[in-house]
Amino acid sequence: MGVSGCGKSTLGALLAQALDCPFLEGDSFHSPEAVAKMRGGRALTDEDRWPWLDRVGKAAADRANAQGMTVAACSALRRSYRDRLRGAIGVPVRFILLENSREKLLARLGDRSGHYMPASLLDSQFATLERPLPEEQVLILNTDEAPDLLRDAALRWLGR
């Protein structure tokens with residue numbers, strides 16, 4: 001989980017490979033209308049996000065039930081979003097928050113081509129982000145580390 005450009009897809013793919021399970025890219029579950037809205041520089045509302053979170057949650061539940069586990073990259077910026085995902089998935093869910101400075105994330109977004117999420121929406125994501133509370137038991141990683149080191153830290157936290 002985390003804001004755009006934090007490395008969710010990179011770490012998610014590495015974790016899924018290491019755990020030999022499916023990887024779900026949350027961005028692929030957005031509706032065409034939501035993608036068009038973001039591409040146009042308009043931030044999503046909760047009303048835009050609920051159906052998307054439900055689609056991500058259902059897909060994660062289906063994959064986890066069929067194959068034992070799955071890894072999904074999803075912003076999950078608010079606790080209510082994480083709670084909704086937990087409810088939809090129905091099996092134990094663990095979240096990893098990837099974070100970095102606004103400046104470094106803007107640089108990453110500037111280097112990324114072909115993605116619909118413009119860098120101009122990063123501030124709206126930071127404004128939406130609710131840092132996890134201790135009782136959520138979320139691992140927080142700073143993405144200044146190399147992706148392989150982040151993967152290894154996540155695997156240790158997961159007991160793998």
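This is a predicted model: local features need pLDDT of at least 70, side-chain atom pairs count only at pLDDT 80 or more; totals for chains, interfaces and linings use all residues.
Most residues other than glycine have a negative phi. The relative accessible area of Asp 20 is 71%, above the 50% cut-off, and the residue is therefore exposed.

A positive phi, near 45 degrees, is also found at Ala 76, again in a residue other than glycine. Ala 76 belongs to the loop between β2 (71-73) and α4. With a relative accessible area of 1%, Ala 76 is buried. Just after α4, Gly 90 adopts a positive phi of about 80 degrees.

Helix α4 spans residues 79-89, and its buried residues are Tyr 81, Arg 82, Leu 85 and Ile 89. Viewed down the axis of α4, these buried residues fall within an arc of 100 degrees, so they line one face of the helix. An α-helix has 3.6 residues a turn, so residues three or four places apart point the same way. The cover over the buried residues of α4 includes α3 (46-67) and α6 (122-128).

The axes of α3 and α4 come within 8 Å of each other and cross at roughly 35 degrees. The crossing of α3 past α4 is right-handed. On the α3 side, the contact is made by Asp 46, Arg 49, Trp 50, Leu 53, Asp 54, Val 56, Gly 57, Lys 58, Ala 60 and Ala 61. On the α4 side, the contact is made by Ser 80, Tyr 81, Arg 84, Leu 85, Ala 88 and Ile 89. By class, the residues of this contact comprise nine nonpolar, two polar and five charged.

Arg 82 is situated in helix α4. Its relative accessibility is 0%, under the 20% cut-off, so Arg 82 counts as buried. The side chain of Arg 82 reaches the backbone oxygen of Ala 76 at 2.9 Å. When neighbours within four places in sequence are left aside, Arg 82 is in contact with Met 1, Ala 76, Leu 77, Phe 95, Glu 130, Arg 131, Pro 132 and Glu 136.

Conventions: Residues are numbered from 1 along each chain as its sequence is written. Side-chain values use heavy atoms; hydrogens and water are left out. Buried means under 20% relative accessible area, exposed over 50%, partly exposed in between (1.4 Å probe, protein chains only). Helices (H or I, at least four residues) and strands (E, at least two) are DSSP runs, numbered from the N terminus. The arc is that of the directions from the helix axis to the C-beta atoms. Contact means heavy atoms within 4.5 Å. Axes are lines fitted to C-alpha atoms, for helices over the stretch in contact, and angles run from 0 to 180 degrees between N-to-C directions. A crossing is left-handed if the near helix is turned anticlockwise from the far one by less than a right angle, and right-handed if clockwise. Ala, Val, Leu, Ile, Met, Phe, Trp, Tyr, Cys and Pro count as nonpolar, Asp, Glu, Lys and Arg as charged, and the others, Gly among them, as polar. A polar contact is a pair of N or O atoms within 3.5 Å; within protein, one must be able to donate a hydrogen and the other to accept it, and residues adjacent in sequence count only if both atoms are side-chain atoms.
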